[in-house]
Amino acid sequence: GLVRFLLERRAEVDAKTAAGQTPRWLAHSNARPGLGGVSQAHAEIEVLLEARGGTLGLPPESWQNPRGPRSMDAIQPEEIRCCHEDGRRYTLGQLVQTYTHEKHLYTQEECEDYFRREMQRPPDEHSAWQLPVVAMLQPGASKYG
């Protein structure tokens, strides 16, 4: 409809929003929102824009991020954290099994992101409680020397 009309009037296929998003990127990201079904209309718009030379607006493969690669620490398989959704404790594998495979609520990537950003370590294992062992003071000694 509207996209075809604009393209027939020679609209720019790679115009960008203030955030740098191209029309094809917007159609692509709206075609598959989360775990919802594929939007056929958005998928067709993406194919149409691709055929007209529209890009996703991503940097070329050779582009080097000036801040360097973004690395995340690996999540240890035995690491346990508290889930605010149901109050239970999970490892990442258990969280993915429950919320991705059994309940079909989130993707594996969403579970990992939630595990990293939102889930807290249980209080008994929290770093605030991991205090170093201090030698006992001798009678008449002071911790200040």
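Guide: Let's begin at R117 and D113, whose side chains meet in a salt bridge with an N to O distance of 2.6 Å. The term stands for a side-chain nitrogen of Lys or Arg within 4 Å of a carboxyl oxygen of Asp or Glu. Behind it is a general point: side chains of opposite charge can pair when their charged atoms come close. Keep in mind that this is a predicted model, in which local features need pLDDT of at least 70 and side-chain atom pairs count only at pLDDT 80 or more, while totals for chains, interfaces and linings use all residues. Residues are numbered from 1 along each chain as its sequence is written, and side-chain values use heavy atoms, with hydrogens and water left out.

R117 and D113 are separated by about one helical turn, because they sit four residues apart in helix α5. Helices here are DSSP runs of H or I with at least four residues, strands are runs of E with at least two, and both are numbered from the N terminus. With a relative accessible area of 51%, R117 is exposed, whereas D113, at 36%, is partly exposed. (Buried means under 20%, exposed over 50% and partly exposed in between, using a 1.4 Å probe and protein chains only.)

One of the links is between the side chains of R24 and E46, at 3.9 Å from N to O. R24 lies in helix α2 and E46 in helix α3 (residues 40-51), so this pair ties together parts that are 22 residues apart in sequence. R24 counts as buried because its relative accessible area is 12%, and E46 is buried too, at 11%.

A further salt bridge joins R121 to E79, with the closest N and O atoms 3.2 Å apart. This pair links distant parts of the chain, 42 residues apart: R121 is in the segment after α5 (108-117), and E79 is in the loop between α3 and β1 (81-82). R121 is partly exposed at 41% relative accessible area, while E79 is buried at 16%. In total, the structure holds six salt bridges.

Now for the rings. Those of Phe, Tyr and Trp (its six-membered ring) pair if their centres lie within 6.5 Å, with planes under 30 degrees apart called stacked, over 60 edge-to-face and the rest tilted. That rule gives two aromatic pairs. Y90 and Y99 are edge-to-face, because their ring centres are 6.2 Å apart and their planes stand at 70 degrees. Y90 and Y99 are both buried. Y99 also pairs with Y106, and this pair is tilted, at 6.1 Å centre to centre and 45 degrees between the planes. Together, Y90, Y99 and Y106 make up one aromatic cluster. Within it, Y99 has 5% relative accessibility, and Y106, at 32%, is partly exposed.

Last, a word on confidence, given by pLDDT, the predictor's confidence in each residue from 0 to 100. The protein chain has a mean of 84, and 91% of its residues reach 70 or more. Confidence is highest in helix α4 (residues 92-102), at 94, and lowest in α2, at a mean of 81.
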